[in-house]
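Student: Could you take a close look at the charged and aromatic side chains in this one for me? I'd like one connected walk through who meets whom, and where.

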Amino acid sequence: MSDRGTVVSVNVARKALVVTERRRFTTAIRKRPIATERAELGDDRVAGDDQADNESHGGPDRAVYAYACEDYAWWEAQLGRPLPPGLFGENLTLTGIDVNGAAIGERWRVGDAILRVTSPRIPCYKLAHVVGEPDFVKRFAQAHRPGAYLAIERAATIGRGAAVEVISRPDAILTLAEFNKIYFDERERAAEFLAIPAMTDAWRAWAREQLATHRAF
């Protein structure tokens, strides 16, 4: 993969209530490609898309979620079945661009929009539910293929076939794959979060908590 790619689909969903034997929850994870050719990116989301849990998703720092077709292909080999675009809850299904190798603070041009990489996706039980694999949260975390949360720096209308291009990369680099590894496997490395100027305030606070915990022992 490279610093250039293409939008395969733009995916949205409305909130829906899910009731299982163990849980009752509202989610907008079941995203599907839009029926129209193009969709408007606003300040904090794709037009027509809901975000059911604003503590874990959404807001300016997590306005858009992107996942790569290449990573879907890897999961299809692992699970032994096809996986449609949007299944993981991403707004943008991309091909050609190295999503997990993107750095915190990296900026992309997507069509006429400008997006900035802010953090990886941390999986929860809702992802396991839509995939239909009870242990999928753990498997997703261990695969270090988290996809990218993005902030919208310049809103625009985008659609299937739009070009994706990395237009800037910070000097201090922490990739999404490495971020994921630190969060799940190597929390003693949390100080690396504080060395990244583009790290969000929420993740800086998390890193300080982890360092305080490790110092206590």
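Tutor: Let's start with Lys-181 and Glu-178, whose side chains meet in a salt bridge, 3.3 Å from N to O. This is a predicted model, so read the distances as computed from that prediction. Both residues sit in helix H4 (residues 176-184), three residues apart, about one turn of the helix. As for solvent, Lys-181 has 25% relative accessibility and counts as partly exposed, and Glu-178 is partly exposed too, with a relative accessible area of 26%.

Across the structure, the count comes to 14 salt bridges. As a general point, side chains of opposite charge can pair when their charged atoms come close. One of these pairs is Arg-45 with Asp-44, at 3.5 Å, N to O. Arg-45 comes out at 27% relative accessibility, which makes it partly exposed, and Asp-44, with a relative accessible area of 29%, is partly exposed as well.

Then there is the salt bridge between Arg-145 and Asp-71, at 2.7 Å, N to O. Arg-145 lies in the loop between helix H3 (136-143) and strand S10 (148-154), while Asp-71 is in helix H1 (residues 69-79), so this pair ties together parts that are 74 residues apart in sequence. The two partners fall on either side of the 20% cut-off for being buried: Arg-145 is partly exposed, with a relative accessible area of 22%, whereas Asp-71 is buried at 3% relative accessibility.

Now for the rings. A search of the whole structure finds 22 aromatic pairs. Phe-25 and Tyr-125 make an edge-to-face pair, with 5.2 Å centre to centre and 85° between the planes. Phe-25 is in strand S3 (residues 24-27) and Tyr-125 in helix H2 (residues 125-131), so the pair ties together parts that are 100 residues apart in sequence. Phe-25, at 6% relative accessibility, counts as buried, but Tyr-125 is partly exposed, with a relative accessible area of 32%.

Phe-136 and Phe-140 pair up in a tilted arrangement, 6.0 Å centre to centre, with 50° between the planes. Both of them lie in helix H3, four residues apart, about one turn of the helix, and both are buried. They also belong to one aromatic cluster, made up of Tyr-65, Tyr-67, Tyr-72, Trp-74, Trp-75, Phe-88, Phe-136, Phe-140 and Tyr-149.

Charges and rings meet as well. Arg-23 lies over the face of Tyr-125, at 3.8 Å from the ring centre. Likewise, Arg-121 lies over the face of Phe-140, at 5.8 Å from the ring centre. So Tyr-125 has an edge-to-face pairing with Phe-25 and also Arg-23 over its face, while Phe-140 has its tilted pairing with Phe-136 and Arg-121 over its face.

Asn-11 is in strand S1 (residues 4-12) and is buried, with a relative accessible area of 0%. Its side chain makes a polar contact of 2.9 Å with the side chain of Ser-9, and the side chain of Asn-11 also reaches the backbone oxygen of Glu-90 at 3.1 Å. Setting aside residues up to four places away in sequence, Asn-11 touches a list of residues including Lys-31, Arg-32, Pro-33, Asp-49, Glu-90 and Thr-93.

The other is Ile-104, in the loop between strand S7 (92-95) and strand S8 (107-110). At 0% relative accessibility, Ile-104 counts as buried. Leaving out neighbours within four places in sequence, Ile-104 is in contact with Val-117, Thr-118, Ser-119, Pro-170, Leu-174, Leu-176, Phe-179, Ile-196, Ala-198 and Met-199. If you want a C-alpha distance to check, Ile-104 and Ala-148 are 44 residues apart along the chain, and their C-alpha atoms are separated by 9.3 Å.

Definitions and conventions:
Residues are numbered from 1 along each chain as its sequence is written. This is a predicted model: local features need pLDDT of at least 70, side-chain atom pairs count only at pLDDT 80 or more; totals for chains, interfaces and linings use all residues. Side-chain values use heavy atoms; hydrogens and water are left out. Helices (H or I, at least four residues) and strands (E, at least two) are DSSP runs, numbered from the N terminus. Buried means under 20% relative accessible area, exposed over 50%, partly exposed in between (1.4 Å probe, protein chains only). A polar contact is a pair of N or O atoms within 3.5 Å; within protein, one must be able to donate a hydrogen and the other to accept it, and residues adjacent in sequence count only if both atoms are side-chain atoms. Contact means heavy atoms within 4.5 Å. A salt bridge is a side-chain nitrogen of Lys or Arg within 4 Å of a carboxyl oxygen of Asp or Glu. Rings of Phe, Tyr and Trp (its six-membered ring) pair if their centres lie within 6.5 Å; planes under 30 degrees apart count as stacked, over 60 as edge-to-face and the rest as tilted. A charge sits over a ring if NZ of Lys or CZ of Arg is within 6 Å of the ring centre and within 35 degrees of the ring normal.
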